[in-house]
Amino acid sequence: MTNKNIISFLFFIFLSSIIRAEIITFDSHIDIPFDFMENSKHDPGDNSDMQVDIPKMQKGGMDAGFFVVYVPQGPLNEAGFKNAKKLAEKKFKAIVNMTRSYSSKITLALSPKDIYRAKENNLLSAAIGIENGYTIGEDISLLDYYYSLGARYMTLAHIGHNQISDSSIPSKRLNNSEKMHNGISSFGRKVIKRMNNIGMMVDISHISEEAAFEAIQLSRSPVIASHSCAKSIADHPRNLSDDLILALASKGGVIQVVAFPNYVKVDNSRFFSIMELGKEVAKIYGDRNFIPSMHAIKDEYTEGIKEINKRYPLPSVDDLIDHIDYIVELVGIDYVGISSDFGGGGILEGWIDASQTNFVTERLRKRGYSENDIKKIWGENILRVWREVEDISNLN
Ligand SMILES: [Zn+2]
């Protein structure tokens, strides 16, 4: 190497170390309403009434997020599956539309590489995850189709058992019994296999403990829990037991602790007041059941929530970090990340929306986490899993 080459090589190393030292704040679960990009209040290009929009991300230093194509659980029949696909397509379109309409600010991320590139170019990133495998019905080829639309993870089930997996919370509305498949269904096994082959991350949040163990065992790639906390800290069926966290970590997966109040700190009085409010709001709009994507965006609901928050104080960012501490103690720094569930019920004192994201980083520093630890917690861990899932898919 000539001197000039050596100097430019060293400069390159120096530059890439700076880039690599930078924290990428990557929120793995952001919900969007069904009228995202349609209703002016739900236009992320401007200061909206959503917890996540472009100005709030920029203000709070939130670099990237998995925007979620959530579809509520419905009946397991042809009509139900058809409707779920229609609803999913609408949300895919809206997320892609956001990245096209505001391409100078936010870009669609189809691979971890896109997230790093966006950060270098001072752009925000939007990746896409599907919440609820109900959306594929009994048609495995829809996995490939949704992958082509940008989906890079899929939560196997939501509230209520589906054709793929048992849920951690059976649906009363759908007359679920306690179990349906005793874990993952035989169709679900094929789904996991196909997801591994195409490079879509398997998400075990929301599914039953039995199903989660099975999914981890069946998957050739590491799996994620896109938005769940530690059951030993908050005993809720949506949270992960120590054994499950150990199993997830032993396969190289990651648990993304979530800012959902009742999973951070179980408070039944608070929870029941919210359930009551939901029922009341649904009644006002002539519906029998509360549908979050429809009713949680109504003024009556948001005002009611404010009142409830006054009566039952929200858990704090420090309470969320207690879950991180616990998981780090149990399995180490490489298997934990963060998600907000903003738009889907996520909210904490100190992290009420994306504009306060820097505060979470600040509190992590206060807790004694090093810059390198924080880098892992905020993004590197889930980006590592995503890369591995990509690599394993390419080997098939
Ligand atoms: Zn969820």
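Predicted model: local features only at pLDDT ≥ 70, side-chain atom pairs only at ≥ 80, totals over all residues.

Trainee: Which residues coordinate the zinc ion?

Mentor: Residues are numbered from 1 along each chain as its sequence is written, and side-chain values use heavy atoms, with hydrogens and water left out. Donors are N, O and S atoms within 2.8 Å of the metal (3.2 Å for Na, K and Ca); water is not among the atoms, so sites may look incomplete. Here the zinc ion is coordinated by Glu 131 through OE and by His 206 and His 227 through NE2, at 2.1 to 2.2 Å.

Trainee: What spacing do the donors of the zinc ion follow along the chain?

Mentor: The spacing is E-x74-H-x20-H. Helices (H or I, at least four residues) and strands (E, at least two) are DSSP runs, numbered from the N terminus. Glu 131 belongs to strand E4 (residues 124-131), and His 227 to the loop between strand E7 (224-225) and helix H8 (242-250), so this pair ties together parts that are 96 residues apart in sequence.

Trainee: Are Glu 131 and His 227 buried or exposed?

Mentor: Buried means under 20% relative accessible area, exposed over 50%, and partly exposed in between (1.4 Å probe, protein chains only). Glu 131 and His 227 are buried.

Trainee: Which residues does Val 71 touch?

Mentor: Contact means heavy atoms within 4.5 Å. Not counting residues up to four places away in sequence, Val 71 touches Ala 84, Leu 87, Ala 88, Glu 131, Asn 132, Tyr 134 and Thr 135. Val 71 lies in the loop between strand E2 (64-70) and helix H3 (78-101), and counts as buried at 0% relative accessibility.

Trainee: Which residues of helix H14 are buried?

Mentor: An α-helix has 3.6 residues a turn, so residues three or four places apart point the same way. In H14 (residues 357-366), the buried residues are Thr 357, Val 360, Thr 361 and Leu 364. They fall within an arc of 100° seen down the axis, so they line one face of the helix; the arc is that of the directions from the helix axis to the C-beta atoms. Their cover includes helix H2 (54-60), helix H13 (317-331), strand E9 (336-339) and helix H15 (371-395). Thr 357 has a relative accessible area of 0%.

Trainee: At what angle do helix H4 and H15 pack?

Mentor: Two packed helices are described by the angle between their axes and the distance between the axes. Axes are lines fitted to C-alpha atoms, for helices over the stretch in contact, and angles run from 0 to 180 degrees between N-to-C directions. H4 (residues 112-120) and H15 pack at about 140°, with axes 9 Å apart. Angles under 35 degrees count as roughly parallel, over 145 as roughly antiparallel, 65 to 115 as roughly perpendicular and the rest as oblique; H4 and H15 are therefore oblique to each other.

Trainee: What is the phi of Asn 122?

Mentor: Most residues other than glycine have a negative phi. The phi of Asn 122 is near 55°, a positive value. Asn 122 lies in the loop between H4 and E4 and is exposed, with a relative accessible area of 72%.
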